[in-house]
Amino acid sequence: MFKNINTTKRADLRKKTSIIDEIAYSNIDIQVCMVTLAVFLVLLLSVLSVATAQNPYLL
């Protein structure tokens, strides 16, 4: 799932104007990031549901 495709160090002398430039340069795999975000979201919602099951007036 996490592969190091290219491990050589590079120097980017271009001006980075947005986060999209940084993502394109650093070879971040968007699919892995989205899967990780989805897993954290599911864990957060499950913890929240267990916490509010004991006290429904918490929210």
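A: Let's start with Ile30, which is partly exposed, its relative accessible area being 44%; the partly exposed range runs between buried (under 20% relative accessible area) and exposed (over 50%), using a 1.4 Å probe and protein chains only. Keep in mind that this is a predicted model, where local features need pLDDT of at least 70, side-chain atom pairs count only at pLDDT 80 or more, and totals for chains, interfaces and linings use all residues. Residues are numbered from 1 along each chain as its sequence is written, and side-chain values use heavy atoms, with hydrogens and water left out.

Ile30 sits in helix 2, which covers residues 30-54; a helix here is a DSSP run of H or I with at least four residues, numbered from the N terminus.

Further along, Ser49 also belongs to helix 2. Ser49 is partly exposed too, at a relative accessible area of 40%. A polar atom of the Ser49 side chain lies 2.8 Å from the backbone oxygen of Ser46.

Stepping back, the protein has 2 helices and 0 strands, and of its 59 residues, 5% are buried.

Technical notes:
Polar contact = N/O pair within 3.5 Å; in protein donor to acceptor, adjacent residues only side chain to side chain.
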